[in-house]
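This briefing goes through one structure by topic. Please keep the sequence and the 3D view open while reading.

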Amino acid sequence: MEILVILIPLALGLGFLFLLAFIWSALKGQYDDLETPRYRMLLDDQGLKKISHHSKKEEK
Amino acid sequence: MDFCLHCDEPAPFPLFSEKDREQANPFCCEGCLTVYGVLHSLGFSDYYKIKAQGEILKPRSPVQESKSKFTYLDDPDFISEYAKRGKQDEIILDFYLEGIHCLACLWLIEKLPEMSPFILSSKLDLEKSIATVMLSKEGKASSVAVLFNQLGYRPHPLKNGQELDDLRLKEERSQLLRIGVAGAAAGNIMLYAVSLYGGASGEHGAFFNLLTVLFAIPVLTYSAFPFYRNAWMGLRNKTLSIDVPISLSLILGAILGVVDLLSGKTENYFDSLTTLVFLLLLSRYFLQKVQQRGLAASDLNFFYQSESARRIENGKIREIHPDFIKSGQTLLVGNGEFFPVDGEVLEGESEVDNSLLTGESRSVGVGPGSVVFSGTLNLGKEILIRSTSGARDSRLGKILKNVESGWGLRSNIVTISQRVSQYFTVGVMGLAAILYLYVLFQAGAEAALERAVVLLIVTCPCALALSVPLSFTRALRLAAQNGIIIKSDETIEKLELAKHLFLDKTGTITFGQVKVSEFSTQIPHQEMGNILLSLERGSRHPVGKALFEHGQSLGGSFQEVLERREETGVGVSGRIGGSFYEIRGQRIFQDGKVIASFKLNDLLRSDSKDHIKKLREEGLIPMVLSGDRKETVALIAKEAGLLPEETQGELGPEKKAQLIKSMSQTVMVGDGANDALALSSADVGVAVYGAMDISLRSADVYLTTPGLGALEKLIVLSRETMKVIRRNLILSLSYNSISVALAFAGLISPLSAAIIMPVSSLTVLLSSYWGTKKMRSLWKS
């Protein structure tokens, strides 16, 4: 059971890190608009090419 | 049937661009076609490719370009009140955009900086249709609005509500943090609690127990704070809200946990209690989100019917925002525009549509000296008026003030969860006292206290408190999917109790605009249809629109019209295929000979009678209240299947409100400004499709589809939702009874609580999601 000496602090530390990351992102306003970003990510220039590439295939 | 490439609306008479020889890209109207051309010339024709790919998020109507140049946006007064300033004095403006409907719109709006060097950035919130644009300080706000307009999105500038927005954002973020902390801690506690249940003992047991206590501290203090605050506020107002028994459980659980830790016992209830805090916060957050979405939709969509006004200053026309009009100024009001303030006609003759302000279905002629009111529509020629009020002290503004002051008067109901939690709290306290006395004589004071405290912890009404927001969230979602926007969950409880149903006439049970009611002609229908369609195409006058629709129903097609002339107050004329046609004075002439005559009326919606009958079957007593003439109201009401004693005409806004206030359990359905007071006086106010902004603000529910069909659904939905809530109450109370029985038998332990609490919560969750058979069948169709 000595392994617990490492595992428990590790688990607590990791959990704490993720909690901090969540707090940071919430305070930065990352959750203010939940709707638009998921569409916006499709629209950077590369994404756009992918979309139009895709459509050409479908047309054929 | 073709569909418009731009707005996806059906295009029965499609238009094509000149270059499009194969006629592959149909458009429904000139507006959409123009936008197509603009996008092409700017090099953004990818818009249509992206649109074809992504899903359509919101429907939109054909583009109606505003003729305004938006110069009022450059007014320094306007900018200081409406714009925010960036770090380097940039101008930041929010616009609500009409017509945002898909992924490609997002793409296009965020490409704005490529179209103008003055635009530094442009961000769109798709859900709210709000674009935030940052301009360099040399930039002109009007140029942005003109650009939006050209792209087919009618822009409405939004007032800078920075402080309020910031406050709301802060509140929302702190809610999220509370939920996140509770979730993280509950998860970790569970990890160690399971080890404890699994038999961890000795050093390990003590250490794990310590960890759970440490994790529980932030949850029971920081995350659970809203429960304590609500409970305290409720107690100060002498009500026992559901948060009282919850707070009691949480506090007692915390004390017991710490006492046990100090006395070396390795058990506590923190696993159940923290999970409970997490789930409750989450369910309340969801309900709030759904409500906010409804509020945003009803606040913005129809707020700005007249967004600019034209003022004459030293013989020159200047565009200004209606907020800045003062009494005694000369204004120009064009065809199809709303009067921004009350005033007196100086020059010109025209026709005015009062229906939204007074409920009159017939338009009224005005000339020099006539009085016009803000919120009414100019159907005729451009006229000059002298304002007799500012925007806020106009007749409409005063109604708004009354509505706002009457706001607090709306009767509040004791909600079902409040009623139940009163009995619940008293009952549980009583049971705890009995248990204490019962154990006292058997095993002494210490054991008795502990057993009583444990009873109070495990009977925490978690399932009860969860089930109500869950059921309401589900109901509000279902309603929103069907075009019914409900501002508050209490509305559903009030609707269940509703008895008296008051209906406005114009625009609610009727179409709210004139239609052809009689038509007689000697010539073939097809030919007549051709004439009507061709002559009235593009007309914005209600008579023109009615005849155009009639032409469609006759099955005509477009012909070329030469020398077309439309004169307001007179009629339309033009040459088709060698003959000269004229439509005037409810007659149609061919080369001076009468070939047809017609009558116009505001007609009853074809489905109103059925819906009123169904609403009656649901136990509601209908009554029509109208500002229109008594004879007109009586006729329509009879047609709708209402008894003479169920109709009242010639009622002013105040009379309507008084009548409603004299009754209880009332629902008012209406659209115009004259209904606003009545809407806010009724227990539930329902604004129908096409309602004015002021009625939207005073109503609790907004129907986005025309007619009463949605209302019928809404009544059924609220009754079924309340059934689900009652079922959930019974379910959660039976789980609580099991806990009480176990506590009396002395068999309760943290493990049994850790099983009962999640199982009961899961049951009500499934039950809320499942709804009722009627609910499911209703919303499928």
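The buried residues of helix α4(B) are covered by elements of both chains, including α2 (36–40) of chain A together with α2, β5 and β6 of chain B. The model is predicted.

**Helix α4 of chain B**

- Of the 8 residues of α4(B), 7 are buried, so the helix is largely enclosed by the rest of the structure.
- The buried residues of α4(B) are B:L103, B:A104, B:C105, B:L106, B:W107, B:L108 and B:I109.
- The axis of α4(B) comes within 7 Å of the axis of α2(B), and the two cross at roughly 145 degrees.
- In this contact, α2(B) contributes B:Y47, B:I50 and B:K51, while α4(B) contributes B:L103, B:A104, B:W107 and B:L108.
- Sorted by class, the contact of α2(B) with α4(B) has 6 nonpolar residues, no polar residues and 1 charged residue.

- Chain A has 3 helices and 0 strands, and its pattern along the sequence is α-α-α.
- Of the 60 residues in chain A, 0% are buried.

**Helix α5 of chain B**

- Helix α5 (residues 141–150) of chain B has the buried residues B:A141, B:V144, B:A145, B:L147, B:F148 and B:N149.
- The cover over these buried residues of α5(B) includes α3 (76–82), β4 (91–98), β5, β6 (130–135) and β7 (154–158) of chain B.
- After α5(B) comes B:G152, which has a positive phi near 95 degrees.

**Domains and nonpolar cores**

- Chain B is assigned domain 1 (2–160), domain 2 (168–295 + 413–471 + 721–780), domain 3 (309–391), domain 4 (484–510 + 606–719) and domain 5 (512–602).
- Taken over C-alpha atoms, the centres of domain 1 and domain 2 of chain B are 50 Å apart.
- In soluble globular proteins, nonpolar side chains tend to be buried together.
- The largest nonpolar core here has 127 residues, and B:F502, B:V667, B:V686 and B:V701 have the most contacts inside it.
- Domain 2 and domain 4 of chain B each give at least three residues to this core.
- Beyond its neighbours within four places in sequence, B:V686 is in contact with B:V667, B:M668, B:V669, B:A699, B:V701, B:L703 and B:L711.
- A second, separate core has 63 residues, including B:C28, B:Y36, B:I50 and B:A141.

**The six-stranded sheet of chain B**

- An open sheet of 6 strands in chain B runs in the order β19-β24-β23-β22-β21-β20, and its pairing is antiparallel.
- Its edge strands are β19 (510–521) and β20 (562–567) of chain B, each of which pairs on one side only.
- From one strand to the next the twist averages 15 degrees.
- Helix α18 (residues 525–536) of chain B packs on the sheet and touches β19, β20, β21 (571–576), β22 (579–584) and β24 of chain B.
- The direction of α18(B) makes about 115 degrees with that of β21(B).
- Strands β19(B) and β24 (residues 593–604) of chain B run antiparallel and are joined by 8 bridges.
- Within this pair, B:T510 lies opposite B:L604 of β24(B).
- Strand β23 (residues 587–590) of chain B also pairs with β24(B) in the antiparallel sense, over 4 bridges.
- B:R587 has B:S597 of β24(B) as its bridge partner.
- The hairpin of β23(B) and β24(B) has 2 residues between the strands, and B:D591 in this hairpin takes a positive phi near 45 degrees.

Technical notes. Residues numbered from 1 in each chain as written. Chains lettered and ligands numbered in written order. Predicted model: local features only at pLDDT ≥ 70, side-chain atom pairs only at ≥ 80, totals over all residues. Pairing = 2+ DSSP bridges. Axes fitted to C-alpha atoms, helices over the stretch in contact; angles between N-to-C directions. Contact = placed C-beta atoms within 7 Å. Domains from an automatic or database assignment. Buried ≥ 20, exposed ≤ 12 C-beta atoms within 10 Å, placed from the backbone. Nonpolar A, V, L, I, M, F, W, Y, C, P; charged D, E, K, R; others polar. Core = buried A, V, L, I, M, F, W, Y, C linked by C-beta atoms within 7 Å.
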